[in-house]
Protein chains: 2
Amino acid sequence: MTCIVQKFGGTSLATLDLIKKAALRVKGEVEAGHTVVVVVSAMAGTTNTLVEYVSDLSTTYDRAEYDVVVSSGEQVTAGLLALSLQNLGIPARSWQGWQIPIYTSSHHAQAKIDHIDTDLLLHDLNKGTVAVVAGFQGLSRNGRITTLGRGGSDTTAVALAAALKAERCDIFTDVEGIYTADPNYITTAGKLDHIAYQEMLELAAQGAKVLQRDSVELAMHNRVRLRVLSSLRDTPGTLVTSENELRATRKHISGIAHSLSHVKLTLCALPSTLPLEEIRSLLNSQNIPLDMGHQKLFPCGTLLDFSFTVPATEERRAVEMLQTAKNKFNFRDLLRNSDVAKVSVIGSGLQTEYSPSHKLFQTLREKGIEVQAVAASDIKLSVLIAAHEAGRAISTLHTVYQLDAEEN
Amino acid sequence: MTCIVQKFGGTSLATLDLIKKAALRVKGEVEAGHTVVVVVSAMAGTTNTLVEYVSDLSTTYDRAEYDVVVSSGEQVTAGLLALSLQNLGIPARSWQGWQIPIYTSSHHAQAKIDHIDTDLLLHDLNKGTVAVVAGFQGLSRNGRITTLGRGGSDTTAVALAAALKAERCDIFTDVEGIYTADPNYITTAGKLDHIAYQEMLELAAQGAKVLQRDSVELAMHNRVRLRVLSSLRDTPGTLVTSENELRATRKHISGIAHSLSHVKLTLCALPSTLPLEEIRSLLNSQNIPLDMGHQKLFPCGTLLDFSFTVPATEERRAVEMLQTAKNKFNFRDLLRNSDVAKVSVIGSGLQTEYSPSHKLFQTLREKGIEVQAVAASDIKLSVLIAAHEAGRAISTLHTVYQLDAEEN
């Protein structure tokens with residue numbers, strides 16, 4: 001019997017009516033003869049409310065207790081979806097992370113799954129019961145509740161699909177698949193039928209919110225066939241799969257991702273002899289990623305300004321840490337600028353194209369958009385620009401890289 | 001070191017500000033040198049919302065999944081109160097029922113605690129950490145989440161106080177203690193300084209909502225010193241304790257309880273040969289309690305009407321079961337009447353008083369209030385009357401039994 005994992009996001013479970021609709025989708029797979037594991041997010045908005053409770057109480061909160069609070073939303077939807085399935089005559093039961101258990105690291109709020117014990121789950125699945133698993137949650141080895149970071153239910157789904165050797169992992173969401181750019185920004189954005197793991201990984205890492213980055217990485221390593229599709233429409237969605245499967249049909253450039261959730265920090269008048277790696281290490285030691293680093297040397301040659309981005313959610317912690325180290329690094333001022341956007345072109349086509357960055361810079365220069373910093377990998381080219389220019393930049397690049405839906 | 005258990009109800013934790021106020025109360029006990037265990041309810045309103053989700057999905061729901069859904073509110077407040085304590089510099093951590101564990105029966109939605117494993121909890125308490133325990137929840141022996149019935153956090157608190165041999169169990173709520181009658185109804189209701197377990201038990205059983213009945217029973221059996229007091233005012237509250245402690249100071253009649261949450265069912269024209277115990281057994285077999293039973297014989301002598309009350313929450317199930325058994329019991333009609341109130345006079349003074357029911361009936365007759373049924377125990381005398389007469393009846397009895405605050 002083949003096993004299918006279905007994951008429903010918060011917008012697909014936002015009301016009791018939507019939960020009943022999700023139950024009908026599960027019923028379809030059960031009636032097709034599949035063993036079904038369902039992974040649920042919290043009702044849309046719930047987790048945000050819970051996060052606000054915690055951050056209203058304190059800025060430097062205990063992440064273990066944060067996890068206790070924010071993981072509760074998935075418990076509710078797991079129970080409600082199990083009840084909806086029972087109403088349809090489908091045997092079902094809910095599972096919390098600690099009941100399976102889904103063991104994770106103890107790195108609260110950002111935990112990584114290290115082992116899923118499938119014995120209890122399989123025992124129930126083999127009786128013909130649908131397992132409805134609360135996503136996002138795990139159990140640390142010392143018995144505390146952990147969470148996998150925002151969007152972590154995707155990772156729960158993929159990890160279960162890998163552990164159960166599922167035929168497919170379907171991620172149901174409020175869009176119809178993966179797009180060449182955010183369709184809320186770019187009306188000509190087109191849906192992709194297929195995308196390679198590696199390219200999806202960069203899209204997710206660079207700001208596309210459809211899938212959590214960790215989930216794509218896990219799917220890639222475990223060759224989980226991942227499908228992103230709408231919970232409300234019967235369209236095939238986007239298949240995320242290995243590059244070999246795609247070579248025939250794949251496009252050179254997959255899409256344009258963007259992120260508005262970063263803040264640029266600038267340390268002014270640092271001694272030019274300071275190894276900038278020390279700054280990166282300091283922030284990384286507290287799990288704050290530093291990205292888009294760039295520097296400007298003073299005419300005298302002995303001083304420089306060093307700028308970089310951090311996630312907006314980590315800004316306060318980053319600033320506190322840097323101020324504490326002010327004497328050590330010997331900078332004059334710390335500037336912050338939240339009017340920044342990171343726009344990234346993703347695709348293996350970047351490797352074969354002649355000077356891909358040249359085309360990008362030329363386009364943005366023609367539009368009068370200043371590029372503040374650049375970062376590149378084999379299949380990604382990111383620029384940092386002013387946030388208020390983002391819409392125009394994305395739309396222009398979408399056309400230049402021939403992604404507009406008319407031209408597909 | 002003495003251990004104190006403090007329990008905060010939903011109205012005492014309804015907002016972040018109230019949670020911070022609760023944290024200050026806990027801090028007071030910590031600074032007084034006590035080992036403190038805190039038990040929390042869900043934020044006021046949360047559990048009702050969750051119960052509505054479940055009952056909107058289905059009337060005959062799986063109680064195991066009901067427990068999964070409705071137990072989530074306490075998880076949130078446990079985490080938030082632990083965070084608030086940490087903000088005050090008090091080491092604290094949250095505990096879910098399954099983490100301790102608090103083992104219960106598998107009787108979902110109405111589970112009974114059968115054993116609390118205190119090892120992990122004591123290990124943490126001995127390090128000087130405050131334990132913030134999610135009330136209402138437990139773990140069945142087969143690893144499912146259970147709940148203890150509405151108001152079950154009181155029972156969690158008392159059970160922990162018993163297991164930890166706590167010096168005292170303080171129940172913080174939105175009223176200042178136990179009153180001679182519901183102060184929302186009777187403006188002359190007075191607060192009791194003391195009440196005996198047995199009398200408190202009857203008050204709770206007969207409708208007083210301040211303490212869950214099970215919690216009083218557990219306190220009585222384990223001689224837990226229970227105190228009910230306001231979370232917002234610094235008043236001593238009411239001490240619930242054993243009769244010996246009270247003999248000197250205790251009043252003859254403790255108070256008047258009432259319940260508007262019952263429905264009267266009448267089976268019409270039953271054969272008078274039918275053992276009425278069969279009807280009680282049928283309902284009890286599905287955990288539906290039958291109360292205030294009374295019958296009226298037809299002039300012919302071969303038929304009778306049998307009336308009784310069931311909790312309004314169980315009405316639908318009771319009616320379904322009785323309709324199914326219509327041929328067996330051979331009744332003509334099933335009438336329902338939700339305009340009923342149960343009013344109870346509670347107190348050991350009833351034993352010593354000459355014909356206590358006589359005074360009650362006389363008073364109600366003088367006021368033109370019809371008594372539909374009567375039930376009595378050593379320390380309780382209950383009457384069933386029309387709901388719209390309840391306020392007048394309670395107020396009259398409150399005066400007749402000399403409970404008005406002016407006369408105390």
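Chain B superposes on chain A by a rotation of 180 degrees with 0.0 Å of shift along the axis, at an RMSD of 0.0 Å. That is the relation of a two-fold axis. Ser72(B) comes closest to the rotation axis of the residues of chain B, with its C-alpha at 2.8 Å.

The model is predicted: local features need pLDDT of at least 70, side-chain atom pairs count only at pLDDT 80 or more, and totals for chains, interfaces and linings use all residues. Residues are numbered from 1 along each chain as its sequence is written, while chains are lettered from A and ligands numbered from 1 in the order in which they are written.

Now the interface. The contact takes 27 residues from chain B and 27 residues from chain A. Two residues are in contact if their C-beta atoms, placed from the backbone, lie within 7 Å. On the side of chain B that touches chain A, α2 (46-57), α3 (63-70) and α4 (72-87) each supply at least two residues. α4(B) gives the most, with 11 residues. Helices are DSSP runs of H or I with at least four residues, strands are runs of E with at least two, and both are numbered from the N terminus. By class, this side of chain B has 14 nonpolar, 10 polar and 3 charged residues. Ala, Val, Leu, Ile, Met, Phe, Trp, Tyr, Cys and Pro count as nonpolar, Asp, Glu, Lys and Arg as charged, and the others, Gly among them, as polar. Of the interface residues of chain B, 100% are also interface residues in chain A, so the copies meet through the same surface.

Next, a sheet. Four strands of chain B form an open sheet in the order β15-β16-β14-β17, with antiparallel pairing. Strands pair if DSSP finds at least two bridges between them. The edge strands are β15 (291-297) and β17 (333-337) of chain B, and each pairs on one side only. β15(B) pairs with β16 (residues 303-311) of chain B over 5 bridges. There, Gln295(B) stands opposite Phe306(B) in β16(B).

Finally, one residue. Ile113(B) is found in strand β5 (residues 113-116) of chain B. Ile113(B) is buried, with 23 other C-beta atoms within 10 Å. Buried means 20 or more such atoms, exposed 12 or fewer, and partly exposed in between, with C-beta atoms placed from the backbone. Not counting residues up to four places away in sequence, Ile113(B) touches Ile102(B), Thr104(B), Gly138(B), Leu148(B), Thr155(B) and Ala159(B).

Methods
Copies are superposed by least squares on the C-alpha atoms of residues with pLDDT of at least 70 in both.
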